[in-house]
Amino acid sequence: FGVGWYGLFYKFKDETGREIAEHEAAFTVLAPDDREAGYESPYACWPLLNGYHGSNPNPIEQLDIMRKAGYRKAWGQALHVKSEEEGKPWKVTISSIYQQLPYNPGFPTKTYDELVKKFDRGVVKARETFEKFPHCEVIQLLHEQGGKDLASEVAGQRPAVRGEYRAWDFENPDDFHKSQAARERWEAFFCTEFCKRMRKEFPNKRIMIGNGSSSSQKIACLLRNGFDLNLVDQLGIESKGFTTMPELNANRESPGMFWALRETARVFGYSNVTVNACNEFVFRPERTVQRSWSRDKIMQITDFSVRDYLICLIWGCDIISTGHLEDANDAYYDTNWGAGGQCKFYPFSYPKRMFTALAVLTRILDCPKFLRMVDSGENCSYIAEFRRNRKIPDFAYALWTPQFGATAKVKFPSGAKIKVYDIWGHESTL
């Protein structure tokens with residue numbers, strides 16, 4: 001077999017020739033692993049841990065699958081090793097930390113000293129984690145906060161005015177439970193204190209704030225209450241994806257909402273904030289299309305997955321973690337998250353088409369640095385230029401269209417050595 005994804009379909013019959021069972025299986029053939037990227041690689045995933053949701057209880061097998069796909073990071077709770085030293089054979093680390101810290105504002109503490117002690121406990125756990133995973137660089141603030149819609153300032157429904165920052169009055173607190181304004185002021189105060197403390201304790205780490213479907217609403221709410229975005233390094237997003245086209249960028253569950261995040265910062269006067277993807281970013285379930293849709297629709301899900309990664313690279317994300325490593329093998333599978341694995345559920349763990357395509361992408365776009373979008377002459381035909389910062393640097397170009405297909409004519413300097421790959425890894429030389 002050459003490189004690519006292969007599907008198998010078995011039918012079982014009894015001695016009379018009556019069909020008694022059928023089974024769909026798959027395997028993939030990948031090219032030799034010549035990736036050079038280490039912990040700095042942006043490629044990550046979310047392996048379900050230790051049999052959770054019926055997943056593979058064997059950590060070595062899951063780590064081997066991660067390595068074949070080219071993943072170098074995983075959500076801290078889901079990574080199967082307790083340190084980078086233990087994970088050295090697979091070159092893996094955790095993508096970010098937040099569960100070690102009080103990452104959501106919650107209810108106001110009764111005193112400022114209580115808040116400080118809350119941060120103290122989190123700092124101890126975070127420092128222990130960073131000592132075990134020194135290449136983890138991101139501290140995440142807020143989790144599943146903010147909704148999917150655009151901030152009203154971005155939608156043009158109200159002017160963008162950064163409000164006056166007010167410290168929380170612990171002696172005479174506002175009624176947090178009855179006043180939306182009080183809850184918003186507490187959130188701005190909490191996030192401000194959190195960022196100042198983390199910056200003091202971990203000056204070499206990056207602080208990422210935001211974890212909603214677009215995070216636009218939540219970031220705008222903080223800014224209305226005086227929060228200063230200069231306290232953070234990145235704005236985070238956790239779009240769900242599902243069956244939404246990756247390029248869409250208005251009130252959609254797609255990577256295109258990076259635009260909304262940057263635009264929210266811009267309308268409030270911040271132009272130097274970068275964006276990033278969070279740990280549970282974009283799920284592309286095939287379950288929704290397997291029974292009622294055509295094979296072309298299943299292929300579209302694979303195509304969307306590849307474009308998710310390309311869009312993240314273009315936006316400069318250093319964490320790209322889409323879906324689970326495998327589907328869940330319990331009732332969680334009946335959700336768009338549980339069916340969003342890149343392989344079928346355990347114990348089969350058959351690779352889906354998207355696993356093969358993403359493994360090809362992580363190998364071809366190894367050590368990538370996005371440079372520019374090449375003018376294709378068409379608004380709906382994309383050509384992204386990357387520099388591959390390998391031992392022998394070179395360039396890579398990704399070409400795609402959101403719908404249908406197109407014939408592209410690309411000129412290169414005379415004498416250039418050109419290799420062409422499709423999403424299955426088939427290679428040709430021009």
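I began with the contacts between two helices, and found that Ser216, Ile219, Ala220 and Leu223 in H4 meet Ala260, Leu261 and Thr264 in H5, where contact means heavy atoms within 4.5 Å. The model is predicted, with local features needing pLDDT of at least 70, side-chain atom pairs counting only at pLDDT 80 or more, and totals for chains, interfaces and linings using all residues. Residues are numbered from 1 along each chain as its sequence is written, and side-chain values use heavy atoms, leaving out hydrogens and water.

I then looked up the packing of helix H4 (residues 216–224) and helix H5 (residues 258–267), and noted an angle of about 10° with the axes 9 Å apart. That makes H4 roughly parallel to H5, a term used for angles under 35 degrees.

Next I checked the cover of H4, and 7 of its 9 residues are buried, meaning under 20% relative accessible area. Those buried residues are Ser216, Lys218, Ile219, Ala220, Cys221, Leu222 and Leu223, and they pack against helix H3 (180–201), strand E7 (206–209), strand E8 (234–237) and H5. I also noted that H4 is followed by Gly226, which has a positive phi, near 90°.

Last, I turned to the surface, where Leu371, Phe395, Tyr397, Leu399, Val410 and Phe412 form a nonpolar patch with about 520 Å² of accessible area together; patch residues have over 30% relative accessible area and no salt bridge, and nonpolar side chains are joined within 5 Å. Strand E13 (residues 394–400) gives the most to this patch, with 3 residues. Phe395 lies in strand E13, and I recorded a relative accessible area of 46% for Phe395.

Methods. Patches are made of residues with over 30% relative accessible area and no salt bridge: like charges are joined within 9 Å, nonpolar side chains (Val, Leu, Ile, Met, Phe, Trp, Tyr) within 5 Å. Accessible areas come from the Shrake-Rupley method with a 1.4 Å probe; for residues, only the protein chains shown count as cover. A salt bridge is a side-chain nitrogen of Lys or Arg within 4 Å of a carboxyl oxygen of Asp or Glu. Helices (H or I, at least four residues) and strands (E, at least two) are DSSP runs, numbered from the N terminus. Buried means under 20% relative accessible area, exposed over 50%, partly exposed in between (1.4 Å probe, protein chains only). Axes are lines fitted to C-alpha atoms, for helices over the stretch in contact, and angles run from 0 to 180 degrees between N-to-C directions. Angles under 35 degrees count as roughly parallel, over 145 as roughly antiparallel, 65 to 115 as roughly perpendicular and the rest as oblique.
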